Amino acid sequence: MRRAPATAKVNLALVVGPRRPDRKHEVATVLQRIDLADRITLEPAPRLEIRGFAEDTLVRDALVALAAAAEVEPRWSIRIDKRIPVAAGLGGGSSDAATALRLANETLPEPFPGKRLHALAAGLGADVPFFLAQGPQLGDGDGSELAPLDLPQDYWIVLLLPTGARKPSTAAVYEAFDGAAGFEERRAALRTALAEARRPSDLAALPPNDLAASPLAAELRELGAFRADVTGAGPIVYGLFIRREPAEEACRALASRGRTWLTVPTWYG
């Protein structure tokens, strides 16, 4: 039996550009793992079995793809213990799939090397390869072309899932996006801000999320966050705080607005 956490992520920036020939949008995004995680348990089984989260499709797809690539039968039983909210912009499904892929790969007679596993992950979704990497990453192309970033990690993160917040699928949010003009300039501004980020407060200079916005980000800034924005396609809003006490106070102040979490950055799952 093998177990591992499947951590969530926040997009500290998400710059969205025009459609590519494959119909995906060009993006530049800053991906940061956080200390909020599902737990994945894998063990041998007569046939593929996914337990604990009936809505899963991505973990199953990941293991079927791995077995096909390795020319073996997918004889694994996976249990998913969910803590990350679903369809909220935190990448929980992608993280579960990447973690299951990594654990199952370790059981193969000849495990695939990192680059091959990355390619399999990219075929599942643009976020999935990030969860095979360590540390914050800059995602380019469709988001799956990763480059490591040296960013400060010493801050607190408040997450807020607004009561009643719903979104269409992430694909539908991208489909409706019409703000691609000026992408090159916004991407250049992102790279400049990243190059100058030395202290946590420097992350405030990152450009805002192109894909989604929320008035609750302004409320988080009023409560002391040095940066606040929507993560991914939402609906979760995050705020970054230098000290724990103001972050805890923000959680209490926003408790009537939705579900909150207090967490921190983490380097790996």
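Q: Which hand does the crossing of α1 and α3 have?
A: In this predicted model, the crossing of α1 and α3 is right-handed.

Q: And at what angle do α1 and α3 pack, and how far apart are their axes?
A: The angle between α1 and α3, the latter being the helix of residues 114–122, is about 135°, and their axes lie 10 Å apart. Angles over 145 degrees would count as roughly antiparallel, so α1 and α3 are described as oblique to each other.

Q: Which residues meet there, between α1 and α3?
A: From α1 the contact has A65, L66 and A69, and these meet R116, L117 and L120 of α3. Sorted by type, the residues of this contact of α1 with α3 are 5 nonpolar and 1 charged, with no polar ones.

Q: OK, what about α1 and α2, at what angle do they cross?
A: Helix α1, residues 58–70, and helix α2, residues 92–107, cross at roughly 30°, and their axes come within 8 Å. Since angles under 35 degrees count as roughly parallel, α1 and α2 are therefore roughly parallel to each other. The crossing of α1 and α2 is right-handed.

Q: Which residues of α1 and α2 meet?
A: On the α1 side they are L58, V59, A62, L63 and L66, while on the α2 side they are G93, S94, D96, A97, A100, L101, A104 and N105. The residues of this contact of α1 with α2 divide into 9 nonpolar, 3 polar and 1 charged.

Q: Switching topic: is D229 buried or exposed?
A: D229, which sits in strand β8 (residues 227–230), has a relative accessible area of 7%, and because anything under 20% counts as buried, D229 is buried.

Q: What does the side chain of D229 reach?
A: The D229 side chain reaches the backbone nitrogen of N209, at 2.7 Å. Leaving aside residues up to four places away in sequence, D229 touches P208, N209, A212, A217, I236, V237 and Y238.

Q: And E184, where is that found?
A: E184 is in helix α5, which covers residues 183–195. With a relative accessible area of 47%, E184 is partly exposed, and its side chain makes a polar contact of 2.7 Å with the side chain of R187.

Q: How far apart are E184 and R39 in space?
A: From C-alpha to C-alpha, E184 and R39 are 38 Å apart in space, and in sequence they are separated by 145 residues.

Notes. Residues numbered from 1 in each chain as written. Predicted model: local features only at pLDDT ≥ 70, side-chain atom pairs only at ≥ 80, totals over all residues. Heavy atoms only, no water. Axes fitted to C-alpha atoms, helices over the stretch in contact; angles between N-to-C directions. Helix = DSSP H or I, 4+ residues; strand = E, 2+ residues; numbered from the N terminus. Parallel < 35°, antiparallel > 145°, perpendicular 65-115°, else oblique. Left-handed = near helix turned anticlockwise from the far one by under 90°. Contact = heavy atoms within 4.5 Å. Nonpolar A, V, L, I, M, F, W, Y, C, P; charged D, E, K, R; others polar. Buried < 20%, exposed > 50% of the residue type's maximum accessible area, 1.4 Å probe, protein only. Polar contact = N/O pair within 3.5 Å; in protein donor to acceptor, adjacent residues only side chain to side chain.
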